[in-house]
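This briefing is for a reader who is new to the structure shown below. Please look through the sequence and the model before reading on.

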Amino acid sequence: MLILILGVALWAGAHLFKRLAPARRAGLGDKGKGLVSAALVVAIVLMVIGYRMADGAVLWGRSPALVGINNLLMLLAFYIYAASVRGTRITRWIRHAQLTAVLVWSTAHLLVNGDTPSFVLFGGLAVWSVVQMLVINRAEGPRAPYVAPAMKSEVLAGVISVVAFSLVAAIHLWLGYNPFG
């Protein structure tokens, strides 16, 4: 479990570094981008290895209803993430689309994974995403005025979401984790 905790902590720390120590991060210049990227790769490796090795109490398991809700939330998470890239109408209400997508993703995974390692991984990433949003809001102040995008962006984000969801579901199936029940 320690490897998993270290992975989540490194992920959060690497992302928050720029916001919590801006002068120090700026002082590193382009070398800092490489260091942060390397830290994020190490964090992902630690999280994957730690999650696969971790063992803990199971408070609930999967049920057909929770699997269905999970899949709908995952499709929403992909759409919100795509909205951050394409600039869809949902960004009128969501300031930090990528971080909100992580929050929805982690919540969806907690619905169907009621074990201690999942609380650490998905709960930790959910907490990180909320903290990151708060830190960014404090640093940047009010957001820029909303500008409605073209309908083409809306359609493209929907298509990207369905394709991405399908690919990730196929990868889950390939790895032996059936996301459909």
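In which loop does Asn113 lie? Asn113 is in the loop between α4 and β2 (114-115). The model is predicted. The points below start with that loop residue and go on to a strand residue, a helix with its cover, and a pair of packed helices.

- The side chain of Asn113 reaches the backbone oxygen of His109, at 2.9 Å.
- Residues up to four places away in sequence aside, Asn113 touches Tyr51, Trp60, Ser118 and Phe122.

**Strand β1 and Val58**

- Strand β1 covers residues 58-60, and Val58 is found in this strand.
- Val58 counts as exposed because its relative accessibility is 59%, and the cut-off for exposed is over 50%.
- Not counting residues up to four places away in sequence, Val58 touches Gly114 and Asp115.
- His96 is 38 residues from Val58 along the chain, and the C-alpha atoms of the two are separated by 32 Å.

**Helix α3**

- Helix α3 runs over residues 64-86, which makes 23 residues.
- The buried residues of α3 include Val67, Asn70, Asn71 and Met74.
- Further along α3, Ala77, Phe78, Tyr79, Ile80, Ala82 and Ala83 are also among the buried residues.
- The cover over these buried residues includes α4 (97-112) and α6 (151-175).
- Just after α3 comes Gly87, which takes a positive phi of about 70°.

**Ser161, from helix α6 to α3**

- Ser161 lies in helix α6, and α6 is one of the elements covering the buried residues of α3.
- Ser161 counts as buried because its relative accessibility is 3%, where the cut-off is under 20%.
- The side chain of Ser161 reaches the backbone nitrogen of Tyr79 at 3.2 Å.
- With neighbours within four places in sequence left aside, Ser161 is in contact with Leu75, Phe78, Tyr79 and Ala82.

**Helices α1 and α5**

- Two packed helices are described by the angle between their axes and by the distance between the axes.
- Helix α1 (residues 2-20) packs with helix α5 (residues 116-140) at an angle of about 5°, and their axes are 10 Å apart.
- The two helices, α1 and α5, are therefore roughly parallel to each other, as angles under 35 degrees count as roughly parallel.
- In the contact of α1 with α5, 16 residues are nonpolar, three are polar and three are charged.

Methods
Residues numbered from 1 in each chain as written. Predicted model: local features only at pLDDT ≥ 70, side-chain atom pairs only at ≥ 80, totals over all residues. Heavy atoms only, no water. Helix = DSSP H or I, 4+ residues; strand = E, 2+ residues; numbered from the N terminus. Expected span 1.5 Å × (residues − 1). Buried < 20%, exposed > 50% of the residue type's maximum accessible area, 1.4 Å probe, protein only. Contact = heavy atoms within 4.5 Å. Axes fitted to C-alpha atoms, helices over the stretch in contact; angles between N-to-C directions. Parallel < 35°, antiparallel > 145°, perpendicular 65-115°, else oblique. Nonpolar A, V, L, I, M, F, W, Y, C, P; charged D, E, K, R; others polar. Polar contact = N/O pair within 3.5 Å; in protein donor to acceptor, adjacent residues only side chain to side chain.
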